[in-house]
Amino acid sequence: MEALDLARWQFGITTVYHFIFVPLTIGLSLMVAMMHTRAVFAKDPVRKDSWTRLTKFFGSMLIVNFGIGIATGLVQEFQFGLNWSEYARFVGDVFGAPLALEGLAAFFVESVFLGLWIFGWGKMPEKVHLLTIWLVAIATTLSAYFIIAANSFMQHPVGAMLNNETGRAELDPAQGSLLAVLTNVTTLAAFPHVVAGAWLVAAAFVTGISAWHMVNHHNRARTAGMGSVEGEQHHHMARDVFRPAVRFGVVAMFVSAVALVVSGDFQAKLMFEQQPMKMASAEALCETQDDVPFSILTVGGPDAFTEDCSGVTHLIEVPYVTGILATNDPHATLQGVDDLNAQYKEQFGETATDIHGNEVEADYRPNLFVTYWSFRLMMGLAVFSGILAVWALWVTRGKGEKARTSGSTWLKWYAVLAIPMPFLANSAGWVFTEIGRQPWVVHPNPDDPTIRLMTMQGVSSHAAWMVATSLIAFTLVYGVLAVVWFQMMRKAALQGIPIPTRDESTDELDTPTLSFEY
């Protein structure tokens with residue numbers, strides 16, 4: 001493999017791994033803040049105790065996830081200078097600004113106020129302490145906005161001009177400069193979709209873990225007998241602690257699902273305008289045609305998805321849907337991969353110069369196989385969350401004394417299965433976004449294509465063995481971190497919430513604490 005291929009693999013591996021933590025931190029920080037709010041403002045002592053315990057239970061996992069997310073995220077920015085120095089040289093004057101703002105939000109605001117929240121229990125006024133976790137949630141979301149603004153410049157560059165003397169992109173005051181970058185229409189479309197995806201990840205996480213414990217406590221209550229002290233304790237945990245968490249997570253899943261559909265539809269229409277090659281590849285649409293259906297299943301020979309697009313065969317299709325996704329017109333004419341490739345060759349040249357000065361044949365098609373299937377995995381894997389939401393909502397129906405819990409083992413294990421699915425869907429979405437942009441690392445703006453850079457032109461001129469060395473090192477380190485993270489999260493999730501006990505002298509419930517047993 002050449003240095004370019006190895007550099008792409010390294011950035012892909014570290015980015016996908018890092019993004020395991022990002023959506024959970026974004027979504028879970030908000031959900032923990034909402035749990036804490038319900039605890040602070042609850043008037044019923046039992047409800048107050050239940051939401052306090054849930055806040056600290058999921059807060060302990062938020063802390064673990066946040067810490068490893070910060071550690072792995074640092075590597076991402078170093079890579080721009082490590083393997084992508086030509087890219088950094090070309091767009092550094094523009095790209096650096098939102099990254100700096102993200103650093104301020106993530107490493108200062110998030111970290112400072114998370115520390116105050118962790119160590120402020122019982123030491124700060126209750127509502128001031130509550131404010132700290134809300135500031136963490138807001139800063140985490142703001143941090144995501146700046147990162148998406150930086151990525152959106154790569155997808156659709158605005159607010160900048162090309163300095164022909166230096167060969168660098170620079171902020172252009174005439175186009176609004178940094179404000180134009182931060183208010184890029186691509187950013188405004190991508191941000192709600194990414195955040196909604198993060199909410200779905202966290203909602204499935206909370207629902208899945210809470211459903212697991214609800215079923216366990218429900219069955220232990222039956223085993224112990226409802227007339228016994230132990231049975232009543234487990235019944236309380238199932239009905240008054242974990243059932244509200246399940247339903248809270250279900251509501252969050254429904255809200256995130258609606259936001260995902262609405263924002264995804266808007267973003268798809270925008271991508272058909274800005275990056276028609278990406279969307280044509282997502283449908284394996286080889287030739288320009290009218291009345292374009294949505295492909296459910298497409299197959300082809302060994303080279304069908306790479307060398308010869310005409311070799312693909314659409315087996316299952318839904319009529320007119322792609323036209324509606326693109327323009328709201330079922331009879332719209334959409335350009336195909338082969339026609340777009342010919343158009344780009346005429347516009348940008350049939351050859352391109354790599355960083356070594358070599359003229360190579362230009363191919364403006366992304367990897368069709370990966371683009372096609374990552375787009376479907378992004379949508380298909382989210383179905384698991386929908387099933388969990390409907391199932392959990394049904395088995396927990398009722399109010400007050402008639403509020404139901406479930407002892408279904410099927411629900412218990414399905415809840416566990418559903419937890420990783422939104423993570424995988426989010427990762428598939430980013431794979432689609434980045435692979436579908438290829439061969440561009442900075443995709444040309446259709447209205448002003450002067451700022452553009454091909455991926456092979458953005459890589460550093462390292463020897464392949466050097467990149468392979470760092471690739472192996474990062475993969476091994478990240479592999480160890482993956483094991484550590486999983487074991488810590490698994491331990492925190494399985495230990496559950498201690499059954500509350502009362503102090504006989506004061507008749508008050510014991511106070512739960514955040515776990516620092518790591």
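**Helix packing and salt bridges**

Student: Which residues of α12 do Leu200, Ala204, Thr207 and Gly208 in α6 meet?
Tutor: Contact here is heavy atoms within 4.5 Å, and helices (H or I, at least four residues) and strands (E, at least two) are DSSP runs numbered from the N terminus. On the α12 side, the partners of those four α6 residues are Ser385, Leu388 and Ala392.

Student: What kind of model is this?
Tutor: Residues are numbered from 1 along each chain as its sequence is written, and side-chain values use heavy atoms, with hydrogens and water left out. Local features need pLDDT of at least 70 and side-chain atom pairs count only at pLDDT 80 or more, while totals for chains, interfaces and linings use all residues, since this is a predicted model.

Student: How are α6 and α12 oriented to each other?
Tutor: Axes are lines fitted to C-alpha atoms, for helices over the stretch in contact, with angles from 0 to 180 degrees between N-to-C directions. The axes of α6 (residues 185–224) and α12 (residues 383–395) come within 11 Å and cross at roughly 45°. Under 35 degrees counts as roughly parallel, over 145 as roughly antiparallel, 65 to 115 as roughly perpendicular and the rest as oblique. So the word for α6 and α12 is oblique.

Student: How far apart are the closest N and O atoms of Arg53 and Asp49?
Tutor: They're 4 residues apart in helix α2 (residues 45–82), so about one helical turn separates them. Arg53 is buried at 2% relative accessible area and Asp49 is buried at 8% (buried is under 20%, exposed over 50%, partly exposed in between, with a 1.4 Å probe and protein chains only). They form a salt bridge (a side-chain nitrogen of Lys or Arg within 4 Å of a carboxyl oxygen of Asp or Glu), and the closest N and O atoms are apart by 2.7 Å.

Student: Which residue does Glu283 pair with in a salt bridge?
Tutor: The closest N and O atoms are 3.1 Å apart. Glu283 sits in the loop between α8 (276–282) and β3 (294–299) and the partner in helix α11 (residues 368–380), so the pair ties together parts 93 residues apart in sequence. That partner is Arg376.

Student: How many salt bridges turn up in the whole structure?
Tutor: Besides those pairs, Asp363 and Arg365 meet in one, at 3.0 Å from N to O. Asp363 is partly exposed, at 33% relative accessibility. Searching the whole structure, the number of salt bridges is 10.
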